[in-house]
Amino acid sequence: MKKLIIGICLAALLSACKSTDPVKETKVEDRSPPPTSTVSGGTPPSTRGTQDTQIKGTPSGDPLKDPNSPLSKRVIYFDYDKDTVKAEYTAVIQAHANYLSQNRGRKIRLEGHADERGSREYNMALGQRRADAVRKATAVLGVGNERIETLSFGEDKPKATGHDEAAWAQNRRVEIRYDGE
Amino acid sequence: MNPAIRLFSLQRTAVAGLLALLVIFSPLANAQLTIDVTTSAGRQIPIAIISFANEINAPQNITPVIVENLKRTGLFRIVNTGGITTTPTEPSEINFLDWTSRSTEALVIGSINPTPDGRHEIRFRLFDVAKQSQLTAMTYVVSATQMRATAHKISDEIYEKLLNEKGIFSTRIAYVLKRGQRYELQVADADGFNPQTVLSSLEPIRSPKWSPDGSKLAYVSFESQKSTVIVQDLVTGQRSTVSNFKGDNYAPNWSPDGSKLVVALSKDAVSQIYVIPATGGAAVRVTESNSIDTNATFTGDGKDIIFVSDRSGGPQLYSVPATGGTVKRLTFEGSYNVNPRMSPDGKYVAFVSREAGKLRIATLELASGQINVLTDGPLDDSPSFSPNGRTILYESKAGGRGTLGAVSADGRVKQRLSSQAGDVREPAWGPYGTSSAR
């Protein structure tokens, strides 16, 4: 029993820490420097120079990483219990569909999420319905289903950790991820 | 048999198990839990449990464990033994007048003695006080680490002798504990003691389900950045990924014979119901719809599958033959009925019903179609029947944190087990015969 009590206390401490710590689930938008650049500790100065230029200069290489491109928008939000893609996201979906049409080698993952108010297991289905709604909207624009994988995380990967409408609104979402991201 | 006890039994029969349905059970009872019994009624059997001879010298107390076990059922009143001049530990020492004068119906005595090989001999006897006769007597020779399990066995003996139905004190529960960012799949004794972490992951773990023989757990893991179904052998610790198709692999549940799993997969369309071998392999599609079909469970005979579908709009419960075929709708009330779980006798389905934004535990009687809402919510989820069918254990979420609740299958007695801290989710009550030797 002692073990469980300690466990519970530990959980309390950890979750207390967690609640003050803003959860970073916005991995998708945080990836401007290519991950490879941070692999080696002894980065040669020349590489470092290139990196700096990249940061300062125009990210002309990959439009997916251009913060000014609509392609940088990777999250589509939903209303409570709904899987309808709202009109305001048409431009985002259009941009990604265009990019996928021009870059035939790329694939995407659509990751659906739900807020915490439903049943945990059924929320998997709700996340999936949302991911599927975005898939359909993308497919209509000519992107083949074989290039889109839809996945759900249910309510277990919230973007915001609060328990109010402001948090829930951020958690009812589909995130667009490109292969290799 | 004691006339009072016999009368009790007759009453029970006459009122069709009404009293038996008062069973309540707290799986994590300890000083850290506030047990808030919101309803309490019915007759309790007055029982005296005398400290076993030499218990004070034993490495593990036995009688306090028995007392707590019996108390939590709500079916027993523990008689105060203070002021008894001679506390009996042998049958010859019992002065039955001491106990009849305290309206005691049942009496437990016993002893604990070391054996030459370093183990402990635990003897116990259960008496019918009015009849002055012994109902049962057992002797166990166990190591110190098995003594708590022995206390549960004795509790089961007492429960079964006095109530004529099997006790659940020696069973185990599984649940997911979230500690900070870490998810732990834990297995504990039914009273919450001896928790053991069988899997720890930074990615979500969900939907633990016991194999019918209690040797394995199936669950959903997100270790590979997507949902897959894993079966883990609790003895060897061996894990095998049994469902890793394109898309989501989730909501597993065992067939009654343990050979198959029903799962929800999105490999061909939005979530549909499939059956896979429990060791992994080809998925046989059961439902064919354009809607979400998920959260499936086999019926007691394994012939049908009860599942959730939103084919009519909101999610409702449906049934379909396990090999596919005609789908029949089971729930018509409310707009959100999910997470069905079969009762051990196959007559009831416990599920989660949302009404006015509140998630509550309900039961559906399959024969009559009658629905009985058992809890008040607001975020009650993941019901799981005790193996004797008397109690439903569930997750009760408040402020984003899961605790456990227990409700009698008729809803008359509710317990909210609020721990001071901790996030416990998706409890699953294991079958009989899963008590691990310690």
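Student: Which residues have the most contacts inside the largest nonpolar core, and what makes it a nonpolar core?

Tutor: Those residues are Leu261(B), Val263(B), Ile305(B) and Ile392(B), in a core of 81 residues. The name applies because a nonpolar core is a set of buried Ala, Val, Leu, Ile, Met, Phe, Trp, Tyr and Cys residues joined through C-beta atoms within 7 Å. Buried means that 20 or more other C-beta atoms lie within 10 Å of a residue's own (12 or fewer is exposed, in between is partly exposed), with C-beta atoms placed from the backbone. Another core, of 32 residues, lies apart from it and includes Trp99(B), Val108(B), Met147(B) and Ile154(B).

Keep in mind that this is a predicted model, where local features need pLDDT of at least 70 and side-chain atom pairs count only at pLDDT 80 or more, while totals for chains, interfaces and linings use all residues. Residues are numbered from 1 along each chain as its sequence is written, and chains are lettered from A and ligands numbered from 1 in the order in which they are written.

Student: Which residues is Ile392(B) in contact with, leaving aside its neighbours within four places in sequence?

Tutor: Ala350(B), Ile361(B), Leu374(B), Pro383(B), Ser384(B), Phe385(B), Val407(B) and Ala409(B). Each counts as a contact because the two C-beta atoms, placed from the backbone, lie within 7 Å.

Student: Why are S22 and S25 of chain B called edge strands?

Tutor: The open sheet has the order S22-S23-S24-S25 (chain B), with antiparallel pairing. S22 (337-342) and S25 (371-373) of chain B each have a single partner strand, so one side of each has no neighbour in the sheet. The twist averages 30 degrees from one strand to the next.

Student: What makes S5 and S6 of chain B a pair?

Tutor: S5 (residues 120-128) and S6 (residues 133-142) of chain B share nine bridges in the antiparallel sense. They form a hairpin with four residues between them, and Gln132(B) in the turn has a positive phi of about 55 degrees.

Student: What is the strand order in the sheet of chain A, and which helix packs on it?

Tutor: The order is S1-S4-S2-S3 (chain A), an open sheet with mixed pairing. S1 and S3 (148-154) of chain A are the edge strands, each pairing on one side only. Helix H4 (residues 120-140) of chain A packs on the sheet, touching S1, S2 (108-113), S3 and S4 of chain A, and its direction makes about 155 degrees with that of S3(A). Such angles run from 0 to 180 degrees between N-to-C directions, with axes fitted to C-alpha atoms, for helices over the stretch in contact.

Student: Where in chain A is confidence lowest, and where is it highest?

Tutor: pLDDT is the predictor's confidence in each residue, from 0 to 100. Helix H1 (residues 2-20) of chain A is lowest, at a mean of 38, and strand S1 (residues 75-77) of chain A is highest, at 97. Across chain A the average is 74, with 67% of the residues scoring at least 70. Over residues 1-59 of chain A, pLDDT stays under 50.

Conventions: Two strands pair if DSSP finds at least two bridges between them. Helices (H or I, at least four residues) and strands (E, at least two) are DSSP runs, numbered from the N terminus.
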